[in-house]
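Morning, everyone. Today I want to talk about aromatic rings. Have a look at this one with me.

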Amino acid sequence: MFRELTRLSARFKTDGIALMGDDNFLADDRRARELHQIVKSSGRTFKLFLFASADRVSNWRPEELAELGAHNIWIGRESKFAPYAKNKNVTCAN
């Protein structure tokens, strides 16, 4: 993934990249943490636009998300009546 981010960054002359094909990028914790370590150790910076669920975002410290390059994180707001497990114990201000 890091190689592809680097390739796209060079090809389009930008560090701002949207990861549109994944509706919950942080759901695969191993992949996301591996990318975090590679980005951090490389010294590169990206501005990643991600989709993620609130329960997964809450498993990361803000500085880790910044090191990963999470510039914007879109979190969908499900209806309070939807019984999705990902919404359990996640509160949102109204």
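Rings of Phe, Tyr and Trp (its six-membered ring) pair if their centres lie within 6.5 Å; planes under 30 degrees apart count as stacked, over 60 as edge-to-face and the rest as tilted. This is a predicted model: local features need pLDDT of at least 70, side-chain atom pairs count only at pLDDT 80 or more, and totals for chains, interfaces and linings use all residues. Residues are numbered from 1 along each chain as its sequence is written, and side-chain values use heavy atoms, with hydrogens and water left out.

So, how many aromatic pairs does a search of the whole structure find? Three.

Take Phe 2 and Phe 46. Their ring centres are 6.0 Å apart and the planes sit at 85°, so this pair is edge-to-face. It links distant parts of the chain, 44 residues apart. Phe 2 is in helix α1 (residues 2-12), and Phe 46 is in the loop between α2 (29-42) and β2 (47-51). Helices (H or I, at least four residues) and strands (E, at least two) are DSSP runs, numbered from the N terminus.

Buried or exposed? Phe 46 is buried, at 5% relative accessible area. Phe 2 is buried too, at 19%. Buried means under 20%, exposed over 50%, partly exposed in between (1.4 Å probe, protein chains only).

Next, the cluster. Ring pairs join Phe 49, Phe 51 and Trp 74. Phe 51 is buried at 17% relative accessibility, while Trp 74 is partly exposed at 48%. Phe 51 and Trp 74 pair edge-to-face, 5.4 Å centre to centre, with 65° between the planes. Phe 51 lies in strand β2 and Trp 74 in strand β3 (residues 70-74), so the pair ties together parts 23 residues apart in sequence.
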